[in-house]
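This briefing presents selected features of one protein structure. Please consult the sequence and the model alongside the points that follow.

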Amino acid sequence: MKFTVTREALLRPLQLVAGVVERRQTMAVLSNILVVLDGNRLSLTGTDTEVEIVGRIELDQDYGQAEITVPAKKLVDICRSLPDGAVIDFSEENQRVLVKSGRSRFQLSTLPASDFPATEESEEDIRFSVSQGSIKRIIDRTSFAMAQQDVRYYLNGMLWELTSGKLRVVATDGHRLALCDLDDLPVQVSEKSQSILPRKGVIELARLLEDSDEVIEVALGKSQIRANTEAFTFTSKLVDGKFPDYERVLPKGGDKTVIGSRNELKQAFSRTAILSNEKYRGVRMLFEESWVTLLANNPEQEEAEEQVAVDYAGETLEIGFNVSYLQDVANVLSSEQIKFTLSDSNSSALLEEAEGGDSLYVVMPMRL
């Protein structure tokens with residue numbers, strides 16, 4: 001194996017691929033990335049056996065064919081430490097890879113490419129193409145609501161629900177729920193399809209995506225999802241489980257509507273959070289005609305109070321929420337105003353963009 005590449009061409013795909021590699025591995029080869037040379041195309045592959053990322057780089061000439069695995073973190077650190085504009089020469093001899101740039105010279109250990117786990121091909125039932133920016137947007141708008149280490153393992157991920165012409169993504173940790181729709185999707189399905197992407201897969205896919213109109217091809221199978229662009233291929237196993245019936249959680253019949261400035265409410269949430277209980281993060285919201293008052297206190301007897309003018313004409317209502325959940329929603333919405341739909345102090349609140357949008361958020365109340 002012998003090839004030359006610039007630092008800039010190599011660094012981004014290398015970082016994306018190495019990001020999926022776990023530091024502590026039961027198999028030594030999983031700490032490595034697979035480097036495959038095929039003519040003038042270089043591909044780099046990283047995997048933890050659940051999620052796999054392949055990055056591709058076009059080289060300036062045909063360098064023949066070869067493959068080897070090298071330590072992921074060390075190669076990233078070497079490339080990152082080289083100066084901008086550096087040209088890197090790779091060569092392999094006697095199971096060692098030599099990396100040279102200018103007066104710098106590094107020798108890395110290798111493991112055979114045959115030891116590297118191959119991703120099993122799964123039956124790909126549904127395929128569609130869409131812009132990267134569209135997929136990035138629906139992930140960014142919902143991923144914060146995924147559970148982290150819930151024993152209900154199916155909550156540690158994101159539901160992708162496909163119907164004809166539409167992709168809906170849903171994430172919930174049992175205390176709040178985020179939902180976002182992508183309409184006008186060029187896909188036809190005979191019946192509703194549901195797949196659960198694991199948390200790590202969602203995070204890695206979001207890292208790969210750019211906010212652009214560049215097309216990404218998505219293939220959803222029974223056991224895995226694959227996403228393809230010119231620059232990379234992403235593959236993730238799906239979570240084997242049944243996602244809860246999220247539609248039952250969406251509040252219905254809320255008769256109290258509050259509309260306020262998203263920016264003013266966001267700042268008020270941020271300030272009251274400072275003196276909320278660090279463990280429970282609770283704030284009380286008192287809705288009165290034309291105003292909402294936010295109240296927070298903590299075990300040190302410290303208190304915060306904020307008042308924000310809102311469009312509300314109903315009866316007085318007091319309800320408690322985890323302020324972090326409200327902040328998360330205010331951070332991902334892009335509208336000028338935010339709309340709350342409420343029933344009573346014991347029912348969940350429905351939050352959305354006041355002008356109507358493609359996203360809905362449910363936040364359960366807290367007893368304070």
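UniProt, in an unreviewed entry, assigns residues 248-367 to the feature "domain: DNA polymerase III beta sliding clamp C-terminal". The structure shown is a predicted model.

**Annotated domains**

- Helix α3 covers residues 132-140, and its buried residues are Q132, G133, I135, I138 and I139.
- Among the elements that cover these buried residues are the strands β9 (124-131), β10 (157-163), β11 (166-172), β12 (176-183) and β14 (215-221).
- The helix α4 (199-208) also belongs to this cover.

**The largest pocket**

- The volume of the largest pocket is about 410 Å³.
- Its lining comprises 19 residues, and those nearest the centre of the pocket are R23, S31, A72, K73 and K74.
- Two helices, α1 (7-18) and α2 (72-81), each contribute at least two residues to the lining of the largest pocket.
- Helix α2 makes the greatest contribution to this lining, with six residues.
- Sorted by class, the lining of the largest pocket contains seven nonpolar, six polar and six charged residues.

Notes. Residues are numbered from 1 along each chain as its sequence is written. This is a predicted model: local features need pLDDT of at least 70, side-chain atom pairs count only at pLDDT 80 or more; totals for chains, interfaces and linings use all residues. Side-chain values use heavy atoms; hydrogens and water are left out. UniProt positions are given in the numbering used here, feature names are shortened, and annotations may be inferred rather than shown by experiment. Buried means under 20% relative accessible area, exposed over 50%, partly exposed in between (1.4 Å probe, protein chains only). Helices (H or I, at least four residues) and strands (E, at least two) are DSSP runs, numbered from the N terminus. Contact means heavy atoms within 4.5 Å. On a 1 Å grid over the protein atoms alone, a cavity is a set of points where a 1.4 Å probe fits but cannot get out, and a pocket is an open set with protein on both sides within 12 Å along at least five of seven lines; lining residues have an atom within 4 Å of a point. Grid points are joined across faces, edges and corners, and a volume is the space filled by probe spheres set on the points. Ala, Val, Leu, Ile, Met, Phe, Trp, Tyr, Cys and Pro count as nonpolar, Asp, Glu, Lys and Arg as charged, and the others, Gly among them, as polar.
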